[in-house]
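Subject: Structure handover

Hello,

Here is the structure for you to look over. My notes come after it.

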Amino acid sequence: MKTNGEAIYATEGGPYSAPLPWGRTTQKKHPDGGTTLYVHVWEWPMEGKILFAGVKQPAVSGRLLARGDAVTATVTPRAWL
C-alpha cells in the first residue's frame, strides 16, 4: 500500500466503468479542475501500448508509481497510445 496507496485512497472509479482487458482505472479530482488518472495495469498488452478511447486532451505528465519512471502519451485520432 506504501507504493500504490496514492492510486487507491481518496480516489473514485475512473472514467472507464466497464472492465478493461488489461486492468482498471481510478481518478482523483482536484480543486483547480484538474484530474489525476491512475491506471492499474494487471496484464500489460503484448504490443506494449494501452489505448484510451474518447480522451481529447493530452496528458500533462505520467509516471510509474513503483519506480517513478516517466511514461509518455500521444493523442491519435483513434485513442491514446
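This is a predicted model: local features need pLDDT of at least 70, side-chain atom pairs count only at pLDDT 80 or more; totals for chains, interfaces and linings use all residues.

Residues are numbered from 1 along each chain as its sequence is written, and side-chain values use heavy atoms, with hydrogens and water left out.

Aromatic pairs

The structure has two aromatic pairs. Rings of Phe, Tyr and Trp (its six-membered ring) pair if their centres lie within 6.5 Å; planes under 30 degrees apart are stacked, over 60 edge-to-face, and the rest tilted. Tyr 16 and Phe 52 have ring centres 5.6 Å apart and planes at 40 degrees, so this pair is tilted. Tyr 16 sits in the loop between β1 (12–13) and β2 (23–29), and Phe 52 in the segment after β3 (35–41), 36 residues apart. Strands are DSSP runs (E, at least two residues), numbered from the N terminus.

Trp 22 and Phe 52 form an edge-to-face pair, 5.7 Å centre to centre with 85 degrees between the planes. Trp 22 is also in the loop between β1 and β2, 30 residues from Phe 52. Ring pairs link Tyr 16, Trp 22 and Phe 52 into a cluster.

Phe 52 is buried at 12% relative accessibility. Trp 22 is buried at 7%. Buried means under 20% relative accessible area, exposed over 50%, partly exposed in between (1.4 Å probe, protein chains only).

Strand β2

Thr 25 is in strand β2. Its relative accessible area is 6%, buried. Beyond four places in sequence, Thr 25 touches residues including Tyr 16, Leu 37 and Phe 52. Contact means heavy atoms within 4.5 Å.

Surface

Tyr 9 lies in the segment before β1. Tyr 9 is exposed at 53% relative accessibility.

Salt bridges

There are three salt bridges. Each needs a side-chain nitrogen of Lys or Arg within 4 Å of a carboxyl oxygen of Asp or Glu.

- Glu 6 and Arg 63 meet at 3.3 Å, N to O. Glu 6 is in the segment before β1 and Arg 63 in the segment after β3, so the pair ties together parts 57 residues apart in sequence.
- Lys 29 pairs with Glu 12, closest N and O atoms 3.7 Å apart. Lys 29 is in strand β2 and Glu 12 in strand β1, 17 residues apart.
- Asp 69 pairs with Arg 67, closest N and O atoms 2.7 Å apart. Arg 67 is exposed at 63%.

Best wishes

Definitions and conventions:
Helices (H or I, at least four residues) and strands (E, at least two) are DSSP runs, numbered from the N terminus.
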